[in-house]
Amino acid sequence: THQTLTREKDPIFLKYMAEFGVHLPLSADPFCDVSSRHADALQTWTFTDVLPDRSAERRYGPFMDLRHAGRVSDGVMSLCRERAGATDRAVGVGMHQFGDAGRVSARRRALVRFATIEIGNIVERGHVTLPSITGSNPLPARLQQVFDRLLAGLAPKSIARELGLSVWTVRDHVQRLYRFLDVSGRDELMARFVGRARE
């Protein structure tokens, strides 16, 4: 669950948001990549944090191309992890600045962090229950493992390596997953579930 706040609707940036996770793996986005490697329950990142130097910018080449093409001047993302049982999800707020807006100020960064803490408190107290991403019908354990890795942008070979399975077995699981979730392929899977997580 991630809400992005912006006054200006840049078409190139909106196109990137719509395609994110479909044509690009989640690890190609510096915010997702950095936050996934940190276990802190509450995190706040700006472009300066996730792109501190030229080597970091080269590591996220596709993101940098989209950033420059979309004229995004800066951004801040804050997330609060919800850990319950086997789930590890996050709620948060993102803010992106365009054109001449410049860097995110310390005040705006603090407001985004405060909003995230409040959202986290609401979820923790049970006032808002985050829906299961697969609905009321839970996936079998092995399909859930494959599903999680597909949403993270991993290819079948990488999934097979992580889970200690053959590529053919993973591809079979992927086909079972498509039938289970009633989707025609990976693009539809990503468009449906990555989009839902962002709503």
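**Overall fold**

The model is predicted. The protein chain has 199 residues, and 37% of them count as buried. Its secondary structure comes to 10 helices and 4 strands. Along the sequence, these elements follow the pattern β-α-α-β-α-α-α-β-β-α-α-α-α-α. Take the contacts with a separation of 6 or more: 64% of them join residues 24 or more positions apart.

The largest nonpolar core has 17 residues. Val146, Phe147, Leu150, Leu177 and Leu189 have the most contacts inside it. Four helices each supply at least two residues of this core: helix 7 (141-151), helix 8 (156-163), helix 9 (167-181) and helix 10 (186-198). A second core is separate and has 14 residues. Phe13, Val34, Phe63 and Met64 are among them.

**Helix 9**

Helix 9 has 15 residues. From its first C-alpha to its last, helix 9 reaches 21 Å, close to the 21 Å expected at 1.5 Å a residue. Its buried residues are Val170, His173, Val174, Leu177, Tyr178 and Leu181. Seen down the axis of helix 9, the buried residues fall within an arc of 145 degrees, so they line one face of the helix. One of these residues, Leu177, is also among those with the most contacts inside the largest core. What does the face turned away from the buried side of helix 9 carry? That face carries the exposed residues Trp168 and Arg179. Aspartate 182 follows helix 9, and its phi is positive, near 60 degrees.

**The aromatic cluster**

Phe31, Phe47 and Phe63 form one aromatic cluster. The count of aromatic pairs comes to 2. A pair of aromatic rings is described by the distance of the centres and the angle of the planes. The table gives both values for each pair.

| Pair | Centre to centre | Between the planes | Class |
|---|---|---|---|
| Phenylalanine 31 and phenylalanine 47 | 5.5 Å | 35 degrees | tilted |
| Phenylalanine 47 and phenylalanine 63 | 6.0 Å | 80 degrees | edge-to-face |

Why does the pair of phenylalanine 47 and phenylalanine 63 count as edge-to-face? Its planes are 80 degrees apart, and planes over 60 degrees apart count as edge-to-face.

Which parts of the chain do the pairs tie together? Phenylalanine 31 lies in helix 2 and phenylalanine 47 in helix 3 (residues 47-50), so their pair ties together parts that are 16 residues apart in sequence. Phenylalanine 63 lies in helix 5 (residues 61-69), so its pair with phenylalanine 47 also ties together parts that are 16 residues apart in sequence.

Phenylalanine 63 counts as buried at 7% relative accessibility. Phe63 also belongs to the second core.

**Aspartate 33**

Helix 2 (residues 30-36) also holds aspartate 33. Aspartate 33 is buried, with a relative accessible area of 15%. Buried means under 20% relative accessible area, so aspartate 33 falls within the cut-off. Leaving out residues up to four places away in sequence, aspartate 33 touches Leu26, Ser27 and Tyr60.

Definitions and conventions: Residues numbered from 1 in each chain as written. Predicted model: local features only at pLDDT ≥ 70, side-chain atom pairs only at ≥ 80, totals over all residues. Heavy atoms only, no water. Core = buried A, V, L, I, M, F, W, Y, C linked by side-chain atoms within 4.5 Å. Buried < 20%, exposed > 50% of the residue type's maximum accessible area, 1.4 Å probe, protein only. Expected span 1.5 Å × (residues − 1). Arc of directions from axis to C-beta. Contact = heavy atoms within 4.5 Å. Phe/Tyr/Trp six-rings, centres within 6.5 Å; stacked < 30°, edge-to-face > 60°.
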